Amino acid sequence: MLALEVIRGLRVVAAPEALDAAPWGEDAVVLRFAADDAFVVAAIEIDLADEHAIIADETAFVGGWLTDDDLDEWVVPHIEWPLPDARPALAQGFIAGVPAKLWLTDGRTLLLCPAAYAHELSERLR
Amino acid sequence: MTDGRRFVLDGRPILYEDGDSVAVATLRAGEHPQHGGTICLAGDCGNCAAVVDGVAYVRTCQTSARPGLVVRRHPEVGEPELPVVETMPASRIRVRREQADLVVIGAGDSGTAAAENAERQGRTVTVLDAHRGMEVVAIYAGPTIIVRTLGGMLHVNAKAVVVATGAAELHPVCPGSSLIGLVTARAAQQLHAAGVDLGDAVAVGSAPSGVPCTPLRGRLLRIEGDSRVTGVVMADDTSDDERTTACDTVILGLGSSARDLLSRMSGDLPVTVVGSAADTFPLPDCPTTGTVCPCSRVSVEDLEGVWERGFRELELVKRASLVGTGTCQGSVCLPYVRAFIADRIGEVPDPFTARPASRQITLAEAAAGVHIDAFRRTPLHDEHVALGARMDRFGGWWRPWDYGDHVAEYWAVREAVSLGDVSTLGKLVVSGPDAVEFLERLYPTTVADIRVGRSRYALLLNERGHLMDDGMICREGESRFVLTFTSAGAGHAEMWVRDWVETWGLGVHVLDRTMSLAAINVTGPLAGELLRRVGLTAQPRFLQHVRAEVAGVPCHVMRLSFTGEMSFELHHSVDRSLDLWRALMAHGRDLGIAPHGLQALQALRLEKGNVIVGMDSELDSTPRRLGMDWAVKMEKADFIGRSALARTAQLPDDRRLVGLTMPGTAPIEGSPIWFDHQVIGHVASSFRSPVLGHAVMLGWLKRAPFPDQVEVDGRPASVVRPPFYDPEGTRARA
């Protein structure tokens, strides 16, 4: 069974241009769920050029890093949509009927899903 | 011959040669895969379908012979028995998924040319052909092509599809068409090439090249024999004289029809049909006697019967006679049925509608790769189970229905303190310079006058003024709010909020925290005492909310009440929920703390007359009908649903949600409400109140004038104004 662990980070909803210009730091993995919505996998404090930004600690995602072989074995058979060719790339959609996200980089992929669905995803990816 | 390679047909071993299909090997052994009928060896008809390894309706001409295969012929009369499955199969049917620019169905000349042409253009091409073990059974929107393979199912998402499935050969419609010894011309060539002895063969129509046979002239009248063919009777084209020719095999070269089932299934999808599948072939002569549809055993006489009964369109003829509804889905009979109708109305009808699946597939194959709805778990799920909760699905979540004794849970709330897991509530953060303006437009209540640190109950209405959801508006700052929604309505509410932000073009950010934040409702007269013990000394008053640490867990504490007792909702990060729950349970032990499930909660809120959206409300429930006009501020300039409410306020009040009480047990929910020997409504929620000692209900009266006394469950009931319990709200505000 695929082991899923809590992926801690920061959830930031702000004006797209403020997110574009944000100094995330080199080590941060920044996943843009939407133009105005970012999930930053890093323990950072951020100062944005948007006084109305919503910034919140996020502990509601579980997931794990997969090798390309893991991805092919565990995940790809359960996806009905095409994976993007470009790397890095964020892909979002149902995996085995569970809403999930993939952060695809060269050689490894971060699989994310809401913790509320973790049991379903683990069960279905067996 | 490959020694020792055998499969089993009806309990007898059948030798086969390399490359044989089950049908070819069966014919080589002098048997028929069924009990008679024309063999096409192309997968077009159902005349070779059998039970293969327990699966019925498998075309044996498309099934490669392999050692140990167990084949049973379908019964001569009736249908094959359904398999008895006592346990779930140990292994699931796997689904492989592929993407392609182009899918080509059919690897004949036309298909190969289309594939090569696409590849030259740099497109990725997947070629699917039944003879290569890739049997296409459906084309769905996408387009998504569903394929049955030996290794499981294959789902291919394509940008475009080329159907190059060729043409099917016509079968005969005449007396004797169900005998053993009939093959189409192309099947005869296959059998001859495979070394199968056809005996004395005659050819009707176009004779196949290379196959030893005697061509016959004239019109086919009938085929003679008992179970096997012994002769064929032809009529002279000019004189109508009959001539009988003795034979073992009748080879039928009667013409073709487009094999277009898949293309007809594809509707407006980007599907191109090429080659013979796109050709228009002449229809056969109108049949006058014999079996038109061997799959559903429909004769010409049956067609004439439904025609006489007035079914004169192709789709109606199909439904009335069941022609074309069997194994081959019209491949054999459709040309003849069209000819039958064309002969009577003078024009050729279009083919009937084609729908998936074009081939018989098992339920397991159809369901392969399909997942049922995923239900969410709160971070306390395992804790509930450990506490003996009965979990069930509500509003997309697993939630505790009870912990074994819902009445004891009820009393814990009314007399002591109790915890409820309300993590499932919808939670949105709204922030921005236009946040107040946005919420004023969104809600029928006023928002600008909510002070920071205060909250207000609010209805969510659609443009027709009908209730969609309800919840709280909590003001956290001048331009920042937290909105809550019902568990079942949260997803739709989020979509609704985002849609209106975009529609109005207002400066508002929205973040859905429903799955990020858990929430525990601490409720009961001793709730304040419990929270003091775990560090919440500066407690918010009714409808206030604060940020504070509770048992060391940062919480957003909202003071409100759904149960009718003092209640504090503790919203907190999902990863701290178990810590908080256990700390509260431990510190409340001597206060009589117990968790409560949904069953107790529904009773508690019913005593307060609090509506559950979707349970007590209907799709067209307005605030007036619900008796909740107090939550609507018509003096506001505008809000969603305002103009509809202003208009409907002028109409007669003919529907109302009311409170009902009666002695004794509570009627079941849904019970009709009677007045003057007529049903005038129904019970929406019902419960026998332990604290009041009688039944309390919410119910709809749908006929004005509204009576004060009605009858429910054969007993008198009084119409009253809720709440039934603590109408002044002193306990909630304590």
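Tutor: Let us begin with pairing: two strands pair if DSSP finds at least two bridges between them, where strands (E, at least two residues) and helices (H or I, at least four) are DSSP runs numbered from the N terminus. The model is predicted, and local features need pLDDT of at least 70, side-chain atom pairs count only at pLDDT 80 or more, while totals for chains, interfaces and linings use all residues. Residues are numbered from 1 along each chain as its sequence is written, and chains are lettered from A and ligands numbered from 1 in the order in which they are written.

Student: What makes β12 (182–184) and β14 (214–216) of chain B edge strands?

Tutor: The open sheet of 4 strands has the order β12-β18-β13-β14 in chain B, with parallel pairing. β12(B) and β14(B) each have a single partner strand, so one side of each is left without a neighbour in the sheet. Neighbouring strands here are turned by 30 degrees against each other on average, direction ignored. Helix α3 (residues 185–193) of chain B lies across β12 and β18 of chain B, and runs at about 100 degrees to β12(B); such angles run from 0 to 180 degrees between N-to-C directions, with axes fitted as lines to C-alpha atoms, for helices over the stretch in contact.

Student: Which hand does the crossing of α10(B) and α15(B) have?

Tutor: The crossing of α10(B) and α15(B) is right-handed, a term used if the near helix is turned clockwise from the far one by less than a right angle, with anticlockwise giving left-handed.

Student: Which residues of α10(B) and α15(B) meet?

Tutor: H406(B), E409(B), Y410(B) and V413(B) of α10(B) meet Q599(B), A600(B), A603(B) and L604(B) of α15(B); contact requires C-beta atoms, placed from the backbone, to lie within 7 Å. These residues divide into 5 nonpolar, 2 polar and 1 charged, where Ala, Val, Leu, Ile, Met, Phe, Trp, Tyr, Cys and Pro count as nonpolar, Asp, Glu, Lys and Arg as charged, and the others, Gly among them, as polar.

Student: What makes β1(B) and β2(B) a pair, and in which sense do they run?

Tutor: Strand β1 (residues 6–9) of chain B and β2(B) share 4 bridges in the antiparallel sense, and at least two are needed. The bridge partner of R6(B) in β2(B) is L15(B). Both strands belong to an open sheet of 5 strands with mixed pairing and the order β2-β1-β5-β3-β4 in chain B. Its edges are β2 (12–15) and β4 (55–59) of chain B, each with a single partner strand.

Student: How many residues of chain B and chain A take part in their contact?

Tutor: Chain B gives 23 residues and chain A gives 27 residues. On the side of chain B, the largest share, 4 residues, comes from β6(B).

Methods. Contact = placed C-beta atoms within 7 Å.
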